[in-house]
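Please keep the sequence and the model in view while reading.

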Amino acid sequence: MTTAPDAAFDQRWSPAPGLVFLGPVEGSGLKDRSYLLRRSDGQIVQLSELLHLVLASLSPAKSPDEVAREVSEAYGRELGVSGLLHLIDTRLAPMGLVHSTAGRGSDQPAASKPQPLPKANPLLALRLRGTLLPEKAVNALATVLAPLYWPPVVAAVLLALAAVDVLVITRGDLMASLQQVLLTPALLLGIVALLTAGAVIHELGHATACRYGGARPGVIGAGVYLVFPAFFTDVTDSYRLGRAGRIRTDLGGLYFNCLCLIGLGGAYLLTGQGFFLLAAALMHLEMLQQLVPTLRFDGYFVLADIAGVPDLFTRIRPVLLSLLPGRPMDPRVMELRPFARRIVTAWVVTVVPLLFLALGWMLLSLPAILAQTAGAIRQHAGTAVGAIGAGDPAAASLSILSILMLSLPVIGLAILLYRLLLVLLTLLRQLARGTWSMLTGHKTAPRLAPAGKPLQKGRLAMAIEVPSAATRDAVPTLQDFLAERPTPPAILAEAGWQGAVRRLSGNAVNPAPGRRERAHLDAREDVQRRLDGPRTVVVVNPKGGAHKTTATLLLAATMGIERGGYTLAWDNNETRGTLGWRAPLAVHPRTAVDLLQEVDRFESPVLGRIGDLDRYVRYQGSTQFDVLASDEDAAGAATIGSREFDRLHTALRRFYRIIVVDTGNNMRSSNWQGAVAAADELVIISTLREDTVASAVWLIDGLRERGFQAKVSNAVTLLAAPSRQTDVQLHARARRHFASLTREVLDVPYDRSLVSGARLNYQALQPATREAWLRASAAVMRGL
């Protein structure tokens, strides 16, 4: 007897037809990487990295087992087949992101009855929308107008606006212009027409900025926002741009308003007609209103894009819950980066009270608003009838327009109250369901409620964030337990005004470290990074007095202090070097020559012990590194060659994580060549003197000719100031030359304590010198 295969495991999937992968969210305020997709109906969907990997891996040619294996390899964590099916059934399929096909040998139908796809329904969004300009026309206009966003053109426009505003303010008479318009109703219609045209141009500015950044804008239309008529532009595609591109799109409408203001101001200066001045004044007020970040105006979207959080309104509830004493931080707040979290929290605690006050005032004033609106509509209707009978089309048109403008806020207010009533009923239903569950002991299955994420003002397609989910077959492990640990406390500021404020307030006020302190902390983190094995850094310059020995000692001291030891500074001179003399502590005279005589012992994994090395290396105390000196016997004849270097290097790699090698001046000696061949990274050091810099340049030419191009490209160049006054032109030439050949070029300052050539005292160095060598060490570590 045979059994039929499990139909679920024989099923295949593919991404839904028309699905477009827009790529990762750039400049996101979330800690974890997320990705954007666009469905065939234009709806934008935001996915976690795991869901994105699953969707990208689906193919009719792959079995569920193959897809699960591919996702596991890409994600770095195990995903079983049942977990894959769980993600598809509960996360991707309800969003309409996958298309099911019958697998080989399956007799199941390839597709089921289509279900309505969820759409984002964000709070306080545009309603009663209609299209004014189709997508094709918008893109054609935006392409033609895109050169207006060239930086020189933008600067010229802003300067021209400033000049026109100054002239209008000094020459204009606003009160006389207002009186002129009130005496002539037809001029009031002209102002309405100008402001309406300016609003359309404002939206065209958003579309043009979107097109200039490389995205494709959609339609321009009109609708009702809250209780007011408003225009909108579909610039959903701009979310594939970086933060700068999105902010440019947000401010594009105001920029095009600047062009309108130049035109209105110029027309007033040329004609003296007051309605141009009044229209310009009203447009200035509209621009200021657009910068308010409390509602979905341009300022709101600028703030959202600075924070990297598309819809601030969806964060209101989790932020408020997280602010309650005794409650843990909500996951939707924890997932934000610290900078974004501070912006969102400040916005929530500011906007929520303002919205409640505005809503309360609106409800209290609702009877009076309705009564006054009805009376005004009756009065304008009578005026319109009288104007039509008297043959005055301007007055009739103005009355009809007034009736329309009075009606739209009432309709918008009714929609707003209807939505608030639906929210209240939903909350009551959830409360009743929870109460029923408590009384009966039955748990109701949670429903998937996508969170709407508007991407720009008035967008037709808001983004739905698909919540990530743990797979059903994922067994909790120690890794999962540790991943749920709370976020470690923020680093305390120690330097600058931030550190002073923290200390004076007794840690009650804890500002983040300043830019300079953050750079210091980043450099320390680079120096302390984990390595996969022992590494060798070789300091080179064939010219004597180039700072090689000083660089070797200071690199080893910095790495020893920051990494906690296991660092060696080795004087690899074929005869005699000075590194042993300059090391602060030298309790014995033994050198590399003495170690070479017993190197067999340290090559053995049984006989060699790190404690026995103390007889040959010189421990440097608080700087936590060791020194292996070269031969110091003036009458001695021993030399170190390539073979001897290799044996010492192999033995020492067993005991040290980092070996910094000081080389001699003879590039032709075998031990010099052996050190370069064994180097994991080269440090090219030079003082800022013409002959020393030329020697370093000659060295690089020789290394490239010998086939060490890769090591030269990964090298770090250090330019040391030989005195307080340096040759500025030589410095610029040297930086330009070495920057074109090596990975990084850094400067190290002059320090008086290093001039004498005596024993090095790390504690005597100036703070700026220690900081420079910390950054030099960080640059070296980044290349290992």
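Helix α27 holds 12 residues (residues 728-739) and should span 16 Å at 1.5 Å a residue, which agrees with the 16 Å between its end C-alpha atoms; the expected span is 1.5 Å times one less than the number of residues. Helices (H or I, at least four residues) and strands (E, at least two) are DSSP runs, numbered from the N terminus. This is a predicted model, in which local features need pLDDT of at least 70 and side-chain atom pairs count only at pLDDT 80 or more, while totals for chains, interfaces and linings use all residues. Residues are numbered from 1 along each chain as its sequence is written, and side-chain values use heavy atoms, with hydrogens and water left out.

- Leu730, His731, Ala734 and Phe738 are the buried residues of α27, where buried means under 20% relative accessible area, exposed over 50% and partly exposed in between (1.4 Å probe, protein chains only).
- The face turned away from that buried side carries the exposed residues Val728, Gln729 and Arg736.
- Among the elements covering the buried residues of α27 are α25 (690-705), β17 (716-720) and β18 (744-748).

**The loop residue Met667**
- Met667, which lies in the loop between β15 (658-663) and α24 (670-678), is buried, with a relative accessible area of 6%.
- Leaving aside neighbours within four places in sequence, Met667 is in contact (heavy atoms within 4.5 Å) with Pro542, Trp672, Gln673, Trp698, Leu699 and Arg706.
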